[in-house]
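Visitor: Could you take me through this structure, please?

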Protein chains: 2
Amino acid sequence: MESTKTKILKLLRSEKGYLSGQELCEKLGVSRTAVWKYMKQLKEEGYQIQAVQNKGYCLVDVPDVLGESEIKSRLTTKWAGKEVYFQEETDSTNTQAKKLAEEGAVSGTLVVADCQKKGKGRRGRVWESPKGSSVYMTLLMRPDILPQRASMLTLVMGLSVAQAVQKILDSEKCTQKVQIKWPNDVVLNRKKLVGILTEMSAQIDYIEYLVIGVGINVNTGEFPEELQDKATSLQAELGHSVNRAELIAQIMKRFEDNYAIFEKTQDLSGLLEEYEAVSANCQQPVKVLEPGKEYTGIARGINKMGELLVEREDHRIEQVYAGEVSVRGLYSYV
Amino acid sequence: MESTKTKILKLLRSEKGYLSGQELCEKLGVSRTAVWKYMKQLKEEGYQIQAVQNKGYCLVDVPDVLGESEIKSRLTTKWAGKEVYFQEETDSTNTQAKKLAEEGAVSGTLVVADCQKKGKGRRGRVWESPKGSSVYMTLLMRPDILPQRASMLTLVMGLSVAQAVQKILDSEKCTQKVQIKWPNDVVLNRKKLVGILTEMSAQIDYIEYLVIGVGINVNTGEFPEELQDKATSLQAELGHSVNRAELIAQIMKRFEDNYAIFEKTQDLSGLLEEYEAVSANCQQPVKVLEPGKEYTGIARGINKMGELLVEREDHRIEQVYAGEVSVRGLYSYV
């Protein structure tokens, strides 16, 4: 069920001029006093709402406010983001999503935070998570797939994020292209823009739940010096800020659509073409670091199981599973 | 560090006659009053301790008491059971172990309960867990192996339990043979004796933690009617009860030894011979139920990755992964 606040936000955004109090009361089925109280709350949350006698209310500026109602009012999905848990500050959205999962939260639950105190990267690394400028979100799923297929969902999410970001760049006439660095990073201008971390709780043949965490540098103004060559943000590349709630909604939409394609075959065969189009590794020389083994080759894309195909000098094709090796581009940016 | 109570139990058990209060004080470095207090506690827990003036203390009967000290005083392992958490009653020892893991518990932590309220079987099924007669335990591990190799640890545990139980049967001159029904049951007299449930929390290429839950019907007197043909207990087969704490200690010892062999190659190659010796499936006709596919064949043992090898009529060998199919013996008992 949509909350009244979510409905008010939707109505205000869709209205070019003023929306009278009377109209709002009728559409929402609440009293004038209730409308007035909601408007007060929204103003407190940072929305710039003008109230003019005999005309009504008008949203004069759509600020980059993150919050449950703001996100919900923009979602157009069936299940991805069915429940939204927003926190100003949290340890890590993955940790929160796992807790909710243990308590029985439904598949499609989305956890979003404005700030993370213990952001997680792969293998327990720390993920820098400053306040008020980035997207930290985790989607909880209970997919009926085998645990060994879970890694493919990292790629489905990577593709979804890349597509959503590319759409923003295109609409702003920005000519830059978003790329995916297999398996779990999204890069822009050869710098890291997005990191994805998938975790699951599983039995041998059964996923109890899976969480896909996404961290995106959206409106990050400046990076610490040691990261300036390695990381970028949408704001840094576009020159202006981007609405985070809308970006989240766009990613959820893309993910839901891509997942429907994945689900048909339980592999990536239906998404390979789109994935190749945004792959940073494709046709690039790479170095594969396997325990006790190291070799170079040319990345030739991925197969339907999400494995990176690397052509060696003798033209043999190696299938590289995300888990077993670390892959480095021969250029430093990947 | 061993607790004083654990030390007292060890001393009492190793002493054939009486152990004087003076001797106990010296060996433990505590006062007479302290010794007296510990004896009082032990009696309350069910130990039958005789105290005779001028002679000292004597453990006249070693009852089947489950408890932290009782288990610890019998463990001879290096890491398996490093920490023991005992609860009279719990929801499920797997659930408890996972909670402890999230809170940072060390690899080797062992959770034991006398009774489970929400015992778990595979795929969310219920596991019957009555009080005072069975072993419900979960070993927490943080192994440095790939998630897709985790299923092999179910087999390592199955083998360890089968070996420990067989040793008891042998020492009692019982001629019955324990068998493993691939992948996660141990059977005796063609009936289920033990169930094993492995769960893990993992990233794509990294196991955060893994819990191996073991449920054993030890001194179960009678089973509900619908289970009488399907389940058995050690007591039912031997005609008398078995000390559960000692059984736990024996299993931990076997597991630690077997795991050391597993760890060298990160597969089952060093344990195949022992596994085949106790396999219920080996050389037996089986039916393999794969989604959309069903066939019969003869089970020819497992390979080093723990997959069941099934020879079909045309002599092709299928490698059956624990997760992907359900295997039924053509005879009803497996």
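Predicted model: local features only at pLDDT ≥ 70, side-chain atom pairs only at ≥ 80, totals over all residues.

Visitor: At what angle do H1(A) and H2(A) pack?

Guide: Helix H1 (residues 4-14) and helix H2 (residues 21-28) of chain A pack at about 130°, their axes being 11 Å apart. Helices are DSSP runs of H or I with at least four residues, and strands are runs of E with at least two.

Visitor: Which residues meet there?

Guide: A:Thr4, A:Lys7, A:Ile8 and A:Leu11 in H1(A) meet A:Leu24, A:Lys27 and A:Leu28 in H2(A). Contact requires C-beta atoms, placed from the backbone, within 7 Å.

Visitor: Changing topic, how many residues of chain B touch chain A?

Guide: 20 residues of chain B are in contact with 20 residues of chain A. On the chain B side, helix H6 (151-171) and strand E8 (191-203) each give two or more residues. E8(B) provides the largest share, 7 residues.

Visitor: How does E8(B) run against E8 of chain A?

Guide: The two strands run antiparallel and are joined by 5 bridges; strands pair if DSSP finds at least two bridges between them. A:Glu199 has B:Gln203 in E8(B) as its bridge partner.

Visitor: And what else pairs with E8(B)?

Guide: E7(B) is joined to E8(B) by 4 bridges, again antiparallel, with B:Val186 partnered by B:Val194. These strands form a hairpin with 2 residues between them, and B:Asn189 in the turn has a positive phi of about 55°. E7(B) also forms a hairpin with E6(B), with 3 residues between them.

Visitor: Is H5(B) mostly covered or mostly open?

Guide: Helix H5 (residues 93-102) of chain B is mostly covered, with 7 of its 10 residues buried. Buried means that 20 or more other C-beta atoms lie within 10 Å of the residue's own, all placed from the backbone. Among the buried residues are B:Thr93, B:Gln96 and B:Ala101.

Visitor: What do they pack against?

Guide: The buried residues of H5(B) pack against strands of chain B, including E3 (84-87), E4 (110-113) and E8. Just after H5(B), B:Gly104 takes a positive phi of about 100°.

Note on methods: Residues numbered from 1 in each chain as written. Chains lettered and ligands numbered in written order. Axes fitted to C-alpha atoms, helices over the stretch in contact; angles between N-to-C directions. Contact = placed C-beta atoms within 7 Å. Buried ≥ 20, exposed ≤ 12 C-beta atoms within 10 Å, placed from the backbone.
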